[in-house]
Amino acid sequence: MAGVAEPQNRQSRPLPPSQARGPPPSPRPRFEPVDREKTCPLLLRVFTKVGSHHTKEDFAVRGKEPKKEVQIYTWKDATLRELTDLVKEVAPEARRRDAKLSFAFVYPDKNGRYVVRPVGMTHSYGNGRRLDDSKALADLSFQIGDYLDVAIL
């Protein structure tokens, strides 16, 4: 039975990047894309405020959340640009040409106290390639049940 002789004293080393074979791996999203035809949407409670974000105290009492609320059915792959366009439909202040929208997730910490965590910013009239337009909720570690606070600046 014949075999292939292995070279002696040969150490295996990775090829330097310039000599690596094949194209570089494409960046993969951290989550699987959602089939919006087959996947049930989630309810996203969105609170808007002109000038700044709400404070964590504004969410401290369940049932007494801020008044300016929009309920949106969406999916975890929704981008901040998609959400910007939906907010513009219901908040006239967000339609200003120079308006910026700052997004923050609001959720309880391990002690049950609410946290307001900024996650991105968009321009009211963007081209989809600015700031955080293409970031999806799932990319930003959104959890079902989190609120979305939008400061219209």
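Two strands pair if DSSP finds at least two bridges between them, and strands (E, at least two residues) and helices (H or I, at least four) are DSSP runs numbered from the N terminus. This is a predicted model, where local features need pLDDT of at least 70, side-chain atom pairs count only at pLDDT 80 or more, and totals for chains, interfaces and linings use all residues. Residues are numbered from 1 along each chain as its sequence is written, and side-chain values use heavy atoms, with hydrogens and water left out.

**Exercise 1.** Find which residue in β4 stands opposite serine 102.

*Solution.* Start with β3, residues 100-108, which runs antiparallel to β4 and is joined to it by 9 bridges. Now look across from serine 102: you land on methionine 121.

**Exercise 2.** Which residues touch the most other members of the largest nonpolar core?

*Solution.* First, such a core is a set of buried Ala, Val, Leu, Ile, Met, Phe, Trp, Tyr and Cys residues joined through side-chain atoms within 4.5 Å; buried means under 20% relative accessible area (1.4 Å probe, protein chains only). Among its 21 residues, pick out Leu44, Val46, Phe103, Leu148 and Val150. Then trace the elements giving two or more residues to this core: β1, β2, α1, β3 and β5.

Notes: Buried means under 20% relative accessible area, exposed over 50%, partly exposed in between (1.4 Å probe, protein chains only).
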